[in-house]
Amino acid sequence: MALFLHDTFPDGFLWGAGSAAYQTEGGWRQGGKGASVWDTFAHRLATPPGSSPPGPVGGDVSSDSYNNLFRDAEGLRRLGVSHYRFSLSWARLMPNGTAPPNLAGLAHYGRLLALLRELGVEPVVTLYHWDLPQALQDAFGGWASPVLPRLFRDYAELCFRYFGGQVRYWLTMDNPYVVAWHGYGTGRLPPGVRGGPRLGYLAAHHLLQAHAKVWHLYNDHFRPAQRGKVSIALSSHWIKPQRMTEKNIKECQKSLDFVLGWFAKPIFIDGDYPESMRSNLSSLLPEFSEAEKKYIKATADFFALSFGATLSFQLLDSHMKFQQLESISLRQLLYWIKSEYNNPQIFLVENSWFVSGTTKRDDAKYIYYLKKFIMETLKAIRYDGVNVFGYTVWSLLDGFEWHRGYSIRRGLFYVDFQSHDKKLVPKSSVLKMYGNGKESDAHLPWTPSLISYGKSVLFKGKSIKSAKL
């Protein structure tokens, strides 16, 4: 096999950037928006009784995308992306989590979609990116309740009716592992319920049921006219054995089963949890009926994958590694998904690394990892035959980074969170990878330094020979 790769991405390959509502939107009390569990959680952490917050509180304002749609659209135009992944705020569209809808919220996302249409940018829309309406947590106990799948279906129906004619790619939810395990098991993230493993697995059960309900809703009632596709964004780490023994290899498989397979196997294989989970967790793991298995199986039109430091590694509990070693090999993970889940079409819907929160424009570390991950994606396509059809850099702009707050940054554009106007300032990753190294050239569409119109892998205007395989 050749040691170096000199090749291009397939024709029609999708290149884009993404963001999530709670991370970047701000406007937490504007336009009739209701509170989300992240609003409540962030306020509780930031402001102990009798004190005032020293700086930005959670996503109250963040990068203020709610009031800066044209600013964000200009950032997308400068990058020349083919798609933009963003999430809808359930609490902005349905302040109490149920009908009636909030007209101001519907108008807001309508404006965003109109801007994307003018730019020729494909929207990739996530229905639920962790920001559950607080009213549903208070009234029902959130995802611990069997009522939530039906309410999520109702919310999805609103979104499909109002926005479906403009959206070809839908994601029902982002990383249900984090929502279930850290939202309802460890309590590390909102809503902060420390219910232990049993409640974590129950919440995941309901999340899978909710996803399936929404897929069937779209498939039965909206797909014939709208002709879109629906999936679920699943995050994973990669793991390698401490030593190449049969036992360690099986433990690696178990680690992937307990994180990615927890959700991927029911959806992509047979409607049920991995055997390693069922045999090890006994009565802790809820059971699906045969009818439920049939209902959940094959409820994704493509495999949507997230891979990066924050979600894939920092929120991975140590015991989920089963005493094996984490690795940042995206290529190996892509090949494993191909082998494990019947060679699905894969859409990388979130990928990048991070830099310190004190970093302004010189994000050399971010550039290094971005180049690495993009090259590994190309190798997976060309050498391993993995069917990857799109790649999404995370994120378009700096924002609130969940449990890390503002201590790290992941945006292509820098935002001064203390400023009034919240301008987008291109970082080195924009100037060097999407332009000629000059700010005036940063609008050129993915050329010439790294990617040319989503096809060629280029550095500084020359075709790249990759690192050793």
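Predicted model: local features only at pLDDT ≥ 70, side-chain atom pairs only at ≥ 80, totals over all residues.
Helix H7 covers residues 148-163 and helix H9 covers residues 196-226; the two pack at an angle of about 30°, and their axes lie 9 Å apart. Because angles under 35 degrees count as roughly parallel, H7 is described as roughly parallel to H9. Their crossing is right-handed. On the H7 side, the residues that meet H9 include Pro149, Phe152, Ala156 and Phe160, together with charged partners such as Arg150, Arg153 and Glu157. On the H9 side, among the residues involved are His206, Gln209, Lys213, Leu217, Tyr218 and Phe222. By class, this contact comprises nine nonpolar, four polar and five charged residues.

Helix H8, residues 176-185, packs with helix H10, residues 246-270, at an angle of about 115°, and the axes are 10 Å apart. This crossing, too, is right-handed. H8 contributes Pro176, Tyr177, Ala180 and Trp181, while H10 contributes Phe258, Val259, Trp262 and Phe263. Which classes of residue make up the contact of H8 with H10? There are eight nonpolar residues, no polar and no charged ones.

Valine 259 belongs to helix H10. Its relative accessibility is 5%, and it therefore counts as buried. Setting aside residues up to four places away in sequence, valine 259 touches Tyr177, Ser235, His237, Leu316 and Met320. Where does lysine 321 lie in relation to valine 259? The two are 62 residues apart in sequence, and their C-alpha atoms are 9.5 Å apart in space.

The crossing of H14 and H15 is right-handed. Leu330, Arg331 and Leu334 of H14 make the contact with Phe373, Glu376, Thr377, Lys379 and Ala380 of H15. These residues divide into four nonpolar, one polar and three charged.

The largest nonpolar core has 134 residues, and the members that touch the most others in it are Leu88, Trp143 and Trp170. Helix H9 gives the most to this core, with twelve residues. What does tryptophan 170 touch? Leaving out residues up to four places away in sequence, its partners include Leu88, Val125, Leu127, Cys159, Phe160, Phe163, Tyr218, Val230 and Phe302.

Why is H3, residues 69-79, described as largely enclosed by the rest of the structure? Eight of its eleven residues are buried. The buried residues of H3 are Leu69, Arg71, Asp72, Ala73, Gly75, Leu76, Arg78 and Leu79. After H3 comes glycine 80, which has a positive phi, near 70°.

I close with the chain as a whole. The protein chain has 16 helices and 17 strands. Of its 469 residues, 62% are buried. Among contacts with a separation of 6 or more, 74% join residues 24 or more positions apart.

Note on methods. Residues numbered from 1 in each chain as written. Heavy atoms only, no water. Left-handed = near helix turned anticlockwise from the far one by under 90°. Helix = DSSP H or I, 4+ residues; strand = E, 2+ residues; numbered from the N terminus. Contact = heavy atoms within 4.5 Å. Axes fitted to C-alpha atoms, helices over the stretch in contact; angles between N-to-C directions. Parallel < 35°, antiparallel > 145°, perpendicular 65-115°, else oblique. Core = buried A, V, L, I, M, F, W, Y, C linked by side-chain atoms within 4.5 Å. Buried < 20%, exposed > 50% of the residue type's maximum accessible area, 1.4 Å probe, protein only.
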